[in-house]
Amino acid sequence: NSEGQSSPSPYNLFATQVSVPAAPANVRVASFSNVSIELEWLPAAAYGSDMIGYSLEFCRISVPLTCVTLDGISGASTTLSEKAHSALAGLLLPGTNFSVRIFAINGEGAGPWSLTTIAMTAAVPEAPQPPRQIGNPSGLDPATAINVIWEPPFSYGLPIEQYEIEVDGALPIGMPLAADVLQYVLAADVL
């Protein structure tokens, strides 16, 4: 004060109480497909105890509500380490809504659940569009052979598994063609 400075008070020592971790924050869908959902979250505050891991609960929004917990505690097969800040759940049903929540675990026990996030797998994709023929190079006798070349079609994000070729609406000729085959020659004995 205006009269001067007093001598310092004695030191007081104190420690914060160790506690269960805080709830993970900002749980969000990072990506999804028709059979999987990838989640991300911010790490939970450990509150003075070493983090052990995270537990996720996926609930299929249906009647009855069906839930699966992914952790290393309840006997489920997936262990989410203390360093995990994302998880991928697969083998899910296409076009299905899920509620998802997460809690963190430290040496003191399990913390509170995060806020619930709603996630949805994509619907079953449609069949791919037909391939677009891009040429029939010359050099072959059109009376005895056909050379067909095509570009891969739009496939709604899923890989093409195979191609089949028909002549005049007949059944497919020969074996199915592998997905990496983009050219085929039909010779006289097939025509």
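A polar contact is a pair of N or O atoms within 3.5 Å, where within protein one must be able to donate a hydrogen and the other to accept it; the views below come from a predicted model.

View 1. Thr96 itself belongs to the loop that runs between S6 and S7.

**View 2. The surroundings of Thr96.** Because buried means under 20% relative accessible area, Thr96, with a relative accessibility of 10%, counts as buried. When its neighbours within four places in sequence are left aside, the residues in contact with Thr96 are Arg60, Ala119, Met120 and Thr121.

**View 3. The largest nonpolar core.** This core holds 19 residues, of which Ile37, Leu39, Trp41, Tyr54, Leu56 and Phe58 touch the most other members. Two or more residues each are given to this core by strand S2 (37–42), strand S3 (51–60), strand S6 (86–89) and strand S7 (97–106). Another core lies apart from it and consists of six residues, including Val148, Trp150, Tyr163 and Leu177. In soluble globular proteins, nonpolar side chains tend to be buried together.

**View 4. Confidence along the protein, with residues 72–77.** The protein has a mean pLDDT of 81, with 84% of its residues reaching 70 or more. Over residues 72–77, however, the pLDDT is below 50, although in the model this stretch has seven contacts beyond near neighbours in sequence. Where pLDDT is low, the predicted coordinates should not be read in detail.

Note on methods: Residues numbered from 1 in each chain as written. Predicted model: local features only at pLDDT ≥ 70, side-chain atom pairs only at ≥ 80, totals over all residues. Heavy atoms only, no water. Core = buried A, V, L, I, M, F, W, Y, C linked by side-chain atoms within 4.5 Å. Buried < 20%, exposed > 50% of the residue type's maximum accessible area, 1.4 Å probe, protein only. Helix = DSSP H or I, 4+ residues; strand = E, 2+ residues; numbered from the N terminus. Contact = heavy atoms within 4.5 Å. pLDDT = per-residue confidence, 0-100.
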